[in-house]
Amino acid sequence: SSSSGHSRMSAGGNLFTRGLRYLASKEFRSYLCSTHFWDPVANWGLPLAALADVKKNPEMISGKMTTALFFYSMAFMRFAWRVQPRNMLLFACHFTNDTAQLVQLCRFTDYWYVKDEAQRQQLRRQYEDAAGEAAAEVAVAEPKK
Amino acid sequence: MSAVYRAAIKVADRFVPAKLQPLWNHEAGPKTIFFWAPTFKWALVIAGIADLRRPAERLSLTQSTALAATGLIWSRYSMVIVPKNWNLFSVNIFVAATGLYQLARIVNYRRELEARN
């Protein structure tokens with residue numbers, strides 16, 4: 001068997017060269033220009049937004065919206081799987097979104113239903129201090145401009 | 001579970017009036033995910049409308065932007081795909097509208113905050 005990195009002058013070549021050849025092919029370029037690519041790309045905004053929100057104040061989480069997004073992504077994971085042609089990019093997008101929304105749901109439940117009011121007050125103060133520090137840094141930077 | 005579902009559908013099939021049979025059995029009809037997934041997207045609109053009562057400082061800027069952007073882009077694409085999907089179009093118009101409205105609220109609130117400081 002050919003070791004990795006050595007391409008054979010036969011039909012396949014190794015995985016890497018085959019992969020590169022596919023990326024350069026007309027088929028792939030027309031896929032990049034199609035709606036099957038750009039729709040899921042547009043949808044990636046949602047999981048990326050959720051992942052960015054994971055480190056923010058849990059009071060910013062809307063329980064209703066997060067639950068709705070969780071079930072919506074489950075439905076669209078199946079949609080992406082069953083649609084013709086199968087859209088794995090959309091599937092991956094909604095899978096990531098479900099994971100992120102589940103994390104947010106757990107943070108939400110923990111913050112409002114597990115922690116007591118004293119712990120919440122402490123966290124509130126922590127986030128306010130962090131926001132205050134960030135604002136102070138901006139204020140210090142401005143006069144130098 | 002699927003045995004229960006299939007039995008229930010067999011029973012339901014008998015009750016569907018003849019006129020509605022083509023719709024009921026359509027390949028993008030109520031027995032398929034192609035119907036329920038876009039229909040379920042309305043839950044995002046309902047959650048968005050319920051969120052209108054939240055104070056502006058508790059809203060997430062990134063989430064509202066993402067919802068507005070995805071709503072706008074999908075509204076356009078649902079008209080470009082064949083066949084046109086009016087259900088998907090209408091739901092994404094509403095997702096974009098609620099997202100944009102929330103975005104406006106957040107931006108206004110932050111501007112006011114800066115003006116006060």
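Start where chain A meets chain B. Select the residues in contact (heavy atoms within 4.5 Å). The contact takes 29 residues from chain A and 27 residues from chain B. The model is predicted: local features need pLDDT of at least 70, side-chain atom pairs count only at pLDDT 80 or more, and totals for chains, interfaces and linings use all residues. Residues are numbered from 1 along each chain as its sequence is written, chains are lettered from A and ligands numbered from 1 in the order in which they are written, and side-chain values use heavy atoms, with hydrogens and water left out.

**Stop 1: the interface**

Show the surface of both chains. Together they bury about 2,600 Å². Buried area is the accessible area (1.4 Å probe) that two parts lose on being put together, summed over both. Carbon and sulfur atoms carry 70% of it.

Next, look for polar contacts. Each is a pair of N or O atoms within 3.5 Å; within protein, one must be able to donate a hydrogen and the other to accept it, and residues adjacent in sequence count only if both atoms are side-chain atoms. Between chain A and chain B there are nine residue pairs in polar contact, both residues at pLDDT 80 or more.

Now colour the chain A side by element. Helices (H or I, at least four residues) and strands (E, at least two) are DSSP runs, numbered from the N terminus. Elements giving two or more residues to the side that touches chain B are α3 (35–43), α4 (45–53), α5 (63–82) and α6 (88–114) of chain A. Which of them gives the most? Select α5(A): it gives 11 residues.

What kinds of residue make up this side of chain A? There are 17 nonpolar, five polar and seven charged. Here Ala, Val, Leu, Ile, Met, Phe, Trp, Tyr, Cys and Pro count as nonpolar, Asp, Glu, Lys and Arg as charged, and the others, Gly among them, as polar.

**Stop 2: a salt bridge between the chains**

Side chains of opposite charge can pair when their charged atoms come close. A salt bridge is a side-chain nitrogen of Lys or Arg within 4 Å of a carboxyl oxygen of Asp or Glu. The interface holds one. Select Glu59(A) and Arg58(B); their closest N and O atoms are 3.3 Å apart.

Keep those two on screen. Within it, Arg124(A) pairs with Glu117(A) at 3.4 Å between the closest N and O atoms.

**Stop 3: chain A**

Chain A has seven helices and zero strands. Of its 145 residues, 36% are buried. Buried means under 20% relative accessible area, exposed over 50%, partly exposed in between (1.4 Å probe, protein chains only).

Select Asp53(A) and Lys56(A). They form a salt bridge, 3.1 Å from N to O. Asp53(A) is buried, at 7% relative accessibility. Lys56(A) is partly exposed, at 33%.

**Stop 4: chain B**

Bring chain B back. An automatic or database domain assignment divides chain B into domain 1 (1–26) and domain 2 (32–116). Their C-alpha centres lie 33 Å apart.

Finish with Asp13(B) and Lys31(B). This salt bridge has its closest N and O atoms 3.4 Å apart. Asp13(B) lies in helix α1 (residues 2–15), and Lys31(B) in the loop between α2 (21–24) and α3 (33–40) of chain B, so the pair ties together parts 18 residues apart in sequence. Asp13(B) is partly exposed, at 27% relative accessibility. Lys31(B) is partly exposed too, at 28%.
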